[in-house]
Amino acid sequence: QVQLVESGGGLVQAGGSLRLSCAASGRTFSSYTVGWFRQAPRKDREFVATISWIGGITHYADSVKGRFTISRDNAKNTVYLQMNSLKPEDTAVYYCAARFGSYSGYDKESFYNYWGQGTQVTVSS
């Protein structure tokens with residue numbers, strides 16, 4: 001029902017910033033919970049942030065709280081992840097994911113029905 005495409009990844013120095021975008025096609029994003037996950041080599045995929053399908057309620061992993069901001073522009077069917085004060089440990093492939101409606105379990109990979117292809121973020125020391 002929804003196809004997701006991430007963009008905005010790249011190479012950045014520690015302390016720098018990047019903004020990732022997750023653009024949706026198909027059904028509108030407005031009624032979906034959208035999350036960001038990341039996966040580094042030899043590590044499990046981990047929750048980063050989420051924004052609810054209604055009300056714009058946000059949640060963040062402790063590791064990124066205060067540095068990352070998730071937002072959505074429903075008119076553009078796009079969700080953003082603004083990443084500031086980047087650290088080398090933020091290096092990973094970042095994925096956006098979506099699920100219609102329900103919000104319980106937003107921090108679990110299995111919660112989401114739709115996934116993008118991922119975008120690489122590399123933070124150098």
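This is a predicted model: local features need pLDDT of at least 70, side-chain atom pairs count only at pLDDT 80 or more; totals for chains, interfaces and linings use all residues.
Figure 1. Beyond its neighbours within four places in sequence, Arg72 is in contact with Phe29, Ser30, Tyr32, Val34, Ile51, Ser52, Trp53, Thr78 and Val79. Arg72 belongs to strand E7, which covers residues 68-73. Although Arg72 is buried, this residue has no salt bridge; Asp73, the nearest side chain of opposite charge, is 8.6 Å away.

**Figure 2. Aromatic pairs of Phe37.** The structure contains nine aromatic pairs. In one of them, the ring centres of Phe37 and Phe47 are 5.8 Å apart and the planes meet at 75°, so the arrangement is edge-to-face. Phe37 is part of strand E4 (residues 32-39) and Phe47 of strand E5 (residues 46-51), so this pair ties together parts ten residues apart in sequence. Both Phe37 and Phe47 are buried. Phe37 also forms an edge-to-face pair with Tyr112, with 5.4 Å from centre to centre and 80° between the planes. This second pair links distant parts of the chain, 75 residues apart, since Tyr112 is in the loop between strand E9 (92-100) and strand E10 (114-115). Tyr112, like Phe37, is buried.

**Figure 3. The aromatic cluster and the charges over its rings.** Ring pairs join Phe37, Phe47, Tyr95, Tyr106, Phe111, Tyr112 and Trp115 into a cluster. The charged end of Arg45 sits over the ring of Trp115, at 5.0 Å from the ring centre. Arg99 lies over the face of Phe111, 4.7 Å from the centre of that ring.

**Figure 4. The salt bridge between Arg45 and Glu109.** Side chains of opposite charge can pair when their charged atoms come close. The whole structure holds six salt bridges. In the one between Arg45 and Glu109, the closest N and O atoms are 3.7 Å apart. Arg45 is in the loop between E4 and E5, and Glu109 in the loop between E9 and E10, so the pair ties together parts 64 residues apart in sequence. Arg45 is partly exposed, with a relative accessible area of 24%, and Glu109 is partly exposed at 37%.

**Figure 5. Further salt bridges.** Asp62 and Lys65 meet through their side chains at 3.4 Å, N to O. Asp62 is exposed, with a relative accessible area of 68%; Lys65 is exposed at 51%. A salt bridge of 3.2 Å, N to O, joins Lys108 and Asp107. Arg38, Glu46, Arg67 and Asp90 are linked in a network of salt bridges.

Definitions and conventions:
Residues are numbered from 1 along each chain as its sequence is written. Side-chain values use heavy atoms; hydrogens and water are left out. Helices (H or I, at least four residues) and strands (E, at least two) are DSSP runs, numbered from the N terminus. Buried means under 20% relative accessible area, exposed over 50%, partly exposed in between (1.4 Å probe, protein chains only). Lys and Arg count as positive and Asp and Glu as negative; His and the chain ends are not counted. A salt bridge is a side-chain nitrogen of Lys or Arg within 4 Å of a carboxyl oxygen of Asp or Glu. Contact means heavy atoms within 4.5 Å. Rings of Phe, Tyr and Trp (its six-membered ring) pair if their centres lie within 6.5 Å; planes under 30 degrees apart count as stacked, over 60 as edge-to-face and the rest as tilted. A charge sits over a ring if NZ of Lys or CZ of Arg is within 6 Å of the ring centre and within 35 degrees of the ring normal.
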